[in-house]
Amino acid sequence: MRFRHRAMAGFATLLLPLAGLVGLASPAEAATSATATYAKTQDWGSGFEGKWTVKNTGTTSLSSWTVEWDFPSGTSVTSAWDADVTSSGTHWTARNKSWNGTLAPGASVSFGFNGAGSGSPAGCKLNGGSCDGGSVPGDTAPSAPGTPAASDITNTSVKLSWSAATDDKGIKNYDVLRDGAKVATVTTTSYSDTGLTAGTDYSYTVQARDTADQTGPVSGARAVRTTGGTTDPPPTGDKVKLGYFTEWGVYGRNYHVKNLVTSGSASKITHINYAFGNVKNGQCTVDDTYAAYDKAYTADQSVSGTADTWDQPLRGNFNQLRQLKAKYPHIKVLYSFGGWTYSGGFGQAAANAAAFAKSCKAVVEDPRWADVFDGIDIDWEYPNACGLTCDTSGPAAFKNLMSALRTEFGPNYLVTAAITADGSSGGKIDAADYGGAAQYLDWYNVMTYDYFGAFDKDGPTAPHSPLTSYAGIPQAGFNSADAIAKLKSKGVPSKKLLLGIGFYGRGWTGVTQAAPGGSATGAAPGTYEAGIEDYKVLKNSCPASGTIAGTAYAYCGNNWWSYDTPSTIAGKMTWAKNQGLGGAFFWEFSGDTGNGELVTAINNGLNQQTNQATQTY
């Protein structure tokens, strides 16, 4: 995707420490096992933010940790993250999450909390011992329980049962999680959940707690649909209808997973690409962890209508996607890595493709969200060619990377890639072995947009997503038809090609003619970036006045824009079906109207009977 990923600078500053460490443990000599230290990172008078850091200073791994301390009366923890924090009077206890309890020698982990009052902690204990580096006893966290089975399903209830977890010191109880939020704690291996809504999809997991109050990993997820009620039907037809959901859209754009429900789009798509994971040091990694799995949602913001709690195992976009899949079981979600900004890391990744693939699967299958993702999408811009940076990995690197991903992920995961749509002779499609790599992939998202735009500030004005060539097109091969034809000629099956649609326009300013091909002086003003604007804005601010090469254009004042409308999308979907393509995808949800009219156009267009008549665009 050509869109740049923007760092949320204003938000990030809220997370930076603003005060020095307050040391409860400052060992004067070499420690034999582990330490726990405290820092007050922010203080706003009526409250504060605190952080504990546990470090393994010994020579053997620590399998779990529990930090205890006392606050003076009037001081308390109000919320916490990266640890399960409980209290008994003025005594506070923090236990590791299922995913951050193991510490190798020399490793450390931190957890934080917001507090009320002004007191400081005292009487620190780490796993029942000293916090200043003395010997720390270890304990093994419990295993994951079996995936729950569902029975006795009614309009408003379901009975769940599961196989027991194991632990070296015994199991104390189980937390039952509905759509990622805890609904009950039981001492047996069964639970009946009541008060549910008829005709509604839910997802259940279970997590064990041992006698030391350590929680283990969550079980596999069980999807349950209550009887009765009505719901939107899943989309018909066999075509892929995929949309990109951007991780950073929850900030300035204020676009959340629930918007897919309120717009009606969720019932009209088949797949979501969650964008973007980063590629660092040759490995896949989560980019914005706050947006991905920590941001708390209120009941009115949440897909399920249930507010997040401070101690639930998963929050953020990932939990909202989990809830969306429970409500719309037909939707599959892929984790997309790379994009315009993060593609610079793929060269190093390709140098050890097997290690890269292993790291990606570890992220996708992280036990906190293993049920959320159904596959992986690679958006490398561009192998053996130039995007934001230039890659010199060679023409075989992309194929080798895709082969390693398929080997690692196996046949039951989706493996896809977003690729260039440069159909010119000797262009980017010719730079890598896309034909050879296709055998390892379920499909290609062919980025048939961003061909022309105000990155060429002088123009000429041209549609950024032309379906076909036309007289006066600025660059031969820069159109969807040529790109698809070239990929087919390299042996890529038609059904493995998805046509790309942009839910935005590109525009110039300083233009003196309404027809395409005019000169310009620069980029037209845009809400988030000059030269780019969402469809939902352009349809009203600069309505389409004509079409060229299957794409709409508009001339307003001295600004010239090109973008797709429901009408041009209908034409493109007919063309895609006549070409035997596997479907369509789009960048990205937040550019659509509040009632999802572009998603509706894609769904309707792909579901209609194929028109075999000759079409002129």
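Guide: What follows covers helix packing, then a salt bridge, backbone geometry and confidence.

The model is predicted. Two packed helices are described by the angle between their axes and the distance between the axes. On the helix 7 side the contact is made by A353, A354, F356, A357, K358, C360, K361 and V364. These meet N400, L401, A404, L405, E408 and F409 of helix 8. Sorted by class, the residues of this contact are ten nonpolar, one polar and three charged.

Another pair is helix 13, residues 566–578, with helix 14, residues 597–607. Here the axes also come within 8 Å, with a crossing angle of roughly 30°. Because angles under 35 degrees count as roughly parallel, helix 13 is roughly parallel to helix 14. The handedness of this crossing is right-handed. Helix 13 contributes P566, I569, M573 and K577, while helix 14 contributes E597, L598, A601, I602, G605 and L606. By class, seven residues of this contact are nonpolar, one is polar and two are charged.

Next, the charged pairs. The whole structure holds 19 salt bridges. One of them joins R315 and D294, whose closest N and O atoms are 2.8 Å apart. The two partners are 21 residues apart and link distant parts of the chain. D294 belongs to helix 3 (289–294), whereas R315 sits in the loop between helix 3 and helix 4 (316–327).

The backbone has some features to check by eye. Most residues other than glycine have a negative phi, and most peptide bonds are trans. The bond from A275 to F276 is cis, with omega near -5°, and F276 is placed in strand 19, residues 271–280. Another cis peptide bond joins E381 and Y382, with omega about 5°. N127 has a positive phi, near 50°. Its place is the loop between strand 9 (122–126) and strand 10 (129–130).

Last, confidence. The protein chain has a mean pLDDT of 89, and 91% of its residues reach 70 or more. Residues 231–236 stay under 50, and the model gives this stretch 16 contacts beyond four places in sequence. Residues 610–617 are also below 50, with 15 contacts beyond near neighbours in sequence. Where pLDDT is low, the predicted coordinates should not be read in detail.

Conventions: Residues numbered from 1 in each chain as written. Predicted model: local features only at pLDDT ≥ 70, side-chain atom pairs only at ≥ 80, totals over all residues. Heavy atoms only, no water. Axes fitted to C-alpha atoms, helices over the stretch in contact; angles between N-to-C directions. Helix = DSSP H or I, 4+ residues; strand = E, 2+ residues; numbered from the N terminus. Parallel < 35°, antiparallel > 145°, perpendicular 65-115°, else oblique. Left-handed = near helix turned anticlockwise from the far one by under 90°. Contact = heavy atoms within 4.5 Å. Nonpolar A, V, L, I, M, F, W, Y, C, P; charged D, E, K, R; others polar. pLDDT = per-residue confidence, 0-100. Salt bridge = Lys/Arg side-chain N within 4 Å of Asp/Glu carboxyl O.
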